[in-house]
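Reader: Hi! Could you walk me through this structure in plain words?
Author: Happy to, let's have a look together.

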Amino acid sequence: KLALEYGTFYHAPPTAWHPPAGRIPVPERDNMHTPNGPLTGVKVVEFCQVAAGPFCGMLLADYGAEVVKIEPPEGDTLRQWPPIHDGDSENFASLNRAKKSIALDLKNPADLDLARRLVLEADVLVENNRAGAMERLGLGWSWCSARKPSLIYCAISAYGQDGPRSGEGGFDLTMQAAAGVMSVTGETEGAPVKCGVPISDFTAGLYAAFTIAAALARLRADPEGRGCHIDVPMFATTLAVGALQTSEYFGTGRNPRRLGSAHPRNAPYQAFRCADGWFAIAAGNQKLWRAVCAVTGLPHLLQDARFATTSLRAANQTALKDLLEARFADSGVADWVARFAAAGVPSAPINGFAEALADPQAGHLQLVQPMTLPHGRATRTVGCPVRIDGAVLPVDTRPPALDEHGAELRGRAPAEAAR
């Protein structure tokens, strides 16, 4: 059995809007799809499950590409992840909006033939299976490139398509572990902790989508040019975004260590406890440090030799934290955040996702969009976070039901040249 890993512009300018406290703003419009995105006309075939590959496919769809998701007969594994309403997974919906779905058994010759025809109709193929699986199925780079030289073929996997660990599978947790992320996440004396957001999955998806877009740009510049094979190892992309940590190791020969929310080279730059909770401040230079001392009413700290420079404050940040938290105990989160904001010191409460989504800036950016699940349930999702020329990219937020577009795609794919 195939082991799967996971693996348009809106021209009305956004207006600032402050929602009532505690309410998440949702525009009245649903499925705001328009056909003039920068990738309009690009056809993508996606052989992906769970997170990294589907995220890549969704990014391409957000920018206007037509994405056909080829699923096994039982569907993408993510369809079984709760919360589920009337058989529809909100987790699945969050990574598969605006796609078309067709269910195929790729070990069935007729279904394989149809999958090949869809590939030959496409500009881009994205897959996130274990390395070598697509070749064994007859859908690998060798088969595809021989029949469609212009195809951009993107393979996302745990460790890459070749090398000593290429045959291994992986999930976000094991990638965070293998690539060093867990070694620098958590409290200094605590156990290793994974990042709560699956950064290895989404980092790989981002690198994949960016590289596909770059390859498409090259093809547009030279329509007679060839496509390419893109190898996206989750291990490598996770290491790549650890640039500050790897440079620390290269420069010192020592492994970076866990510091909780603190920073190895800046202080005060972490989460602090106050009278009614926690908040974060990031005073990353001397000017901000002076502002912290003024806001807290602790001007004598400016004369303390332990805290004279950014490097010294970082070296003595445990003592500094104790001194600041003694003062922060005098008031609550809202008060301290307001004081620091007035002084120009970056600060924020430690929000949950409910609070973050209800932030007035989230409303201004029109991040929360309505979404209708395949069986009709109305819900919400976070849309494309990027604006171009001041405009929000409206996305078709509806995810597909399993095989929803099967009949359409079976009738559309050309029969010739599939073998």
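Reader: Which ring does the charged end of Arg 339 sit over?
Author: The charged end of Arg 339 sits over the ring of Trp 336, 4.2 Å from the ring's centre. A charge sits over a ring if NZ of Lys or CZ of Arg is within 6 Å of the ring centre and within 35 degrees of the ring normal. Keep in mind that this is a predicted model, where local features need pLDDT of at least 70, side-chain atom pairs count only at pLDDT 80 or more, and totals for chains, interfaces and linings use all residues. Residues are numbered from 1 along each chain as its sequence is written, and side-chain values use heavy atoms, with hydrogens and water left out.

Reader: And which cluster do ring pairs link Trp 336 into?
Author: Trp 336 is in a cluster with Phe 272, Phe 279, Phe 328 and Phe 340, linked by ring pairs. Rings of Phe, Tyr and Trp (its six-membered ring) pair if their centres lie within 6.5 Å; planes under 30 degrees apart count as stacked, over 60 as edge-to-face and the rest as tilted.

Reader: How many aromatic pairs does a search of the whole structure find?
Author: The search finds 11 aromatic pairs. One of them joins Phe 55 and Phe 202: the ring centres are 4.7 Å apart and the planes are at 65 degrees, so this pair is edge-to-face. Phe 55 is in helix α1 and Phe 202 in helix α7, 147 residues apart, and the pair links distant parts of the chain. Helices (H or I, at least four residues) and strands (E, at least two) are DSSP runs, numbered from the N terminus.

Reader: Is Phe 55 buried or exposed?
Author: Phe 55 counts as buried, because its relative accessibility is 14%. Buried means under 20% relative accessible area, exposed over 50%, and partly exposed in between (1.4 Å probe, protein chains only).

Reader: New topic! At what angle do helices α10 and α12 pack?
Author: Helix α10 (residues 286-296) and helix α12 (residues 317-328) pack at about 35 degrees, and their axes are 11 Å apart. Axes are lines fitted to C-alpha atoms, for helices over the stretch in contact, and angles run from 0 to 180 degrees between N-to-C directions.

Reader: Which residues meet there?
Author: From α10 there are Trp 289, Val 292 and Thr 296, and they meet Leu 320, Leu 324, Arg 327 and Phe 328 of α12 (contact means heavy atoms within 4.5 Å).

Reader: What about the largest nonpolar core, how many residues is that?
Author: The largest nonpolar core has 39 residues, and Leu 60, Val 126, Ile 152, Ile 156 and Ile 212 touch the most other members. Such a core is a set of buried Ala, Val, Leu, Ile, Met, Phe, Trp, Tyr and Cys residues joined through side-chain atoms within 4.5 Å. Helix α7 gives the most to this core, with eight residues. A second, separate core has 24 residues, including Ala 115 and Tyr 153.

Reader: Where are the cis peptide bonds?
Author: One runs from Pro 82 to Pro 83, with omega near 5 degrees. Another joins Ala 267 and Pro 268, with omega about -5 degrees. Pro 268 lies in the loop between α9 (243-252) and β9 (269-274).

Reader: Last one: what is the phi of Val 50?
Author: Val 50 has a positive phi of about 70 degrees although it is not a glycine. Val 50 is placed in the loop between β1 (43-47) and α1. Asp 389 also has a positive phi, about 50 degrees, and counts as exposed at 82% relative accessibility.
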